[in-house]
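Hello,

Here is the structure I promised you. Please open it and keep it beside this email as you read.

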Protein chains: 2
Amino acid sequence: MKAEADLIVRWRELATCYNAVACALERALQDAHGLTMSEYETLDRLVDLNSKKCRMQEVAAAMYLSQSALSRTVARLEKQGYVQRALCQNDRRGIFVELTDAGRRHHAEARETHLKILAEHLTPNP
Amino acid sequence: MKAEADLIVRWRELATCYNAVACALERALQDAHGLTMSEYETLDRLVDLNSKKCRMQEVAAAMYLSQSALSRTVARLEKQGYVQRALCQNDRRGIFVELTDAGRRHHAEARETHLKILAEHLTPNP
DNA sequence: AGACATTTGATGCACACGCATGTACCGTCC
DNA sequence: GGACGGTACATGCGTGTGCATCAAATGTCT
């Protein structure tokens, strides 16, 4: 019976903490770099997997975003010039997503802001 | 320098965990009770503060939702009959929000689903 | 009392999202 | 080879959100 109350407390703490950080991140990334959190996260995943071109799926698997949302996010990033889409030769259904140099640069800059916000909002957590 | 990597790991874990639970909650509450997570959370806060009518502000202060989002959420809840808005006599700018009986009942039902999902998704957390 | 700043909640607007569906392609089985 | 189910990504649609703004009411200062 106590377990239920504990569960609710944990959930509220989790939600409060997440929302505080997410909200701060969203604002900071937008103001300083014109990026949505989803857009930054997408760039971030691409940097992580930057060894080669990635299929949409691979990117999607690494983050919590629906397939349609990712599709649009990548489209936005491409329009901004941070990413490039290319057809996949082997499987012509697939789409390769690749960081451009501008994308790599922009991510590097935004990463500073990202880290700063995380440090500000995520430190007091024993 | 290690601190940065740790920060990022913590953030990703937090985000992944939150999104998993939030997504499951959203779906379950919608399917079983026709409630948005925000709507459920709002009812939940009202139950917590059920001693008396609450001003919008008091509700807003207890949850992570912008003022405009709360305004619309309460409007939706009112249209569904779970909540009632009343003018505040002392300060005629303010609005009192009060749970209806139907709202109390609906929240009690939804609470079961809520707890079930939390138990399923939030337990493996040492 | 009168003018002005502040607060409270509602609303116009643009936008990112999820769901369902559409289109193109792949793989399999007859 | 042709038909058919499954997969990959794009897109139409409805919805909830935050930001900026608005109207009404309050508070303040002279």
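Below are the conventions, then the findings.

This is a predicted model: local features need pLDDT of at least 70, side-chain atom pairs count only at pLDDT 80 or more, and totals for chains, interfaces and linings use all residues. Residues are numbered from 1 along each chain as its sequence is written, while chains are lettered from A and ligands numbered from 1 in the order in which they are written.

**The two chains.** A rotation of 180° with 0.0 Å of shift along its axis puts chain A on chain B, with an RMSD of 0.1 Å. That is the relation of a two-fold axis.

**The DNA.** There are 24 residues around DNA strand D. A residue counts as near if its C-beta atom, placed from the backbone, lies within 6 Å. A:Ser68, A:Ser71, B:Ser66, B:Ser68 and B:Ala69 come nearest. Helix α4(A) gives the most to this surface, with 5 residues. Helices here are DSSP runs of H or I with at least four residues; strands are runs of E with at least two, and both are numbered from the N terminus.

**The sheet.** Chain B has an open sheet of 3 strands, in the order β1-β3-β2, with antiparallel pairing. Strands pair if DSSP finds at least two bridges between them. The edge strands are β1 (54-55) and β2 (83-87) of chain B. β2(B) is joined to β3 (residues 95-99) of chain B by 5 bridges. B:Gln84 stands opposite B:Glu98 in β3(B).

Best wishes

Notes:
Least-squares fit on C-alpha atoms with pLDDT ≥ 70 in both.
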